[in-house]
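Hi,

Here is the structure I promised to pass on to you. Have a look at it first, and then read on for what I found.

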Amino acid sequence: MNELRELYEEVILDHNRSPRNFGRRPPRCNRTAHGHNPLCGDQVEVSMTFRDGVIEDIAFNGEGCAITTASASLMTQALKGRTGEEAKELFHAMHAVLVDDEPPDHGRLGKLGALLGVKDFPMRVKCATLPWHTMEAALSGSDAPVTTE
Ligand code: ZN
């Protein structure tokens with residue numbers, strides 16, 4: 001269990017140090033949403049190229065803490081090439097563990113499991129879920145800014 005924890009911490013640190021799909025918008029981007037977590041000060045913009053029900057490309061911008069940045073980075077990696085439905089299902093699977101205290105399905109969550117370490121810290125849970133709420137807003141085509149409050 002300790003080894004798993006260390007591995008997860010390493011994943012978070014790595015994605016915070018060199019976030020993937022960061023600082024750009026995808027070519028032919030057609031969905032964008034903004035999210036804000038006032039408790040921590042995290043700001044995130046999630047943008048994607050969404051065509052025929054599939055997230056062809058997804059990227060993020062903004063300024064966030066290590067957890068928000070790592071979560072957004074892992075999210076973009078996990079969701080590229082997925083359908084909008086699959087993306088929502090994955091978010092709901094994470095949300096169930098983080099917020100509803102359900103046991104994780106590691107086979108399904110893969111690397112995203114690294115984010116589950118924040119489960120016991122409600123403030124940090126908001127940091128971890130912010131990019132996902134924002135992604136969901138982008139998928140639904142909503143322009144209204146997302147806030148964790
Ligand atoms: Zn944060």
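Predicted model: local features only at pLDDT ≥ 70, side-chain atom pairs only at ≥ 80, totals over all residues.

Strands S1 (residues 31-37) and S2 run antiparallel and are joined by seven bridges. Strands here are DSSP E runs of at least two residues, helices are H or I runs of at least four, and both are numbered from the N terminus; two strands pair if DSSP finds at least two bridges between them.

Residues are numbered from 1 along each chain as its sequence is written, and side-chain values use heavy atoms, with hydrogens and water left out.

S2 also runs antiparallel to S3, with nine bridges joining them. Glutamate 45 stands opposite asparagine 61 in S3. This hairpin has two residues between the strands, and aspartate 52 takes a positive phi near 50°. S2 (residues 42-51) is mostly covered, with eight of its 10 residues buried. Buried means under 20% relative accessible area, exposed means over 50%, and partly exposed is in between (1.4 Å probe, protein chains only).

Next, cysteine 65. Its place is in the loop between strand S3 (54-63) and helix H2 (66-79). Is cysteine 65 buried or exposed? With a relative accessible area of 17%, cysteine 65 is buried. Leaving aside neighbours within four places in sequence, cysteine 65 is in contact (heavy atoms within 4.5 Å) with Asn16, Cys40, Asp42, Arg124 and Cys127.

Cys127 is also among the buried residues of helix H5, which include Val125, Leu130, Trp132 and Met135. The buried residues of H5 pack against S1, S2, S3, H2, helix H3 (84-98) and strand S4 (146-147). H5 (residues 122-139) has 18 residues and should span 26 Å at 1.5 Å a residue, which agrees with its end C-alpha atoms being 26 Å apart; the expected span is 1.5 Å times one less than the number of residues. H5 has a kink of about 40° at threonine 129, shortly before proline 131, where the bend is the angle between axes fitted to the seven residues ending there and the seven starting there. After H5 comes glycine 141, with a positive phi near 75°.

Best wishes
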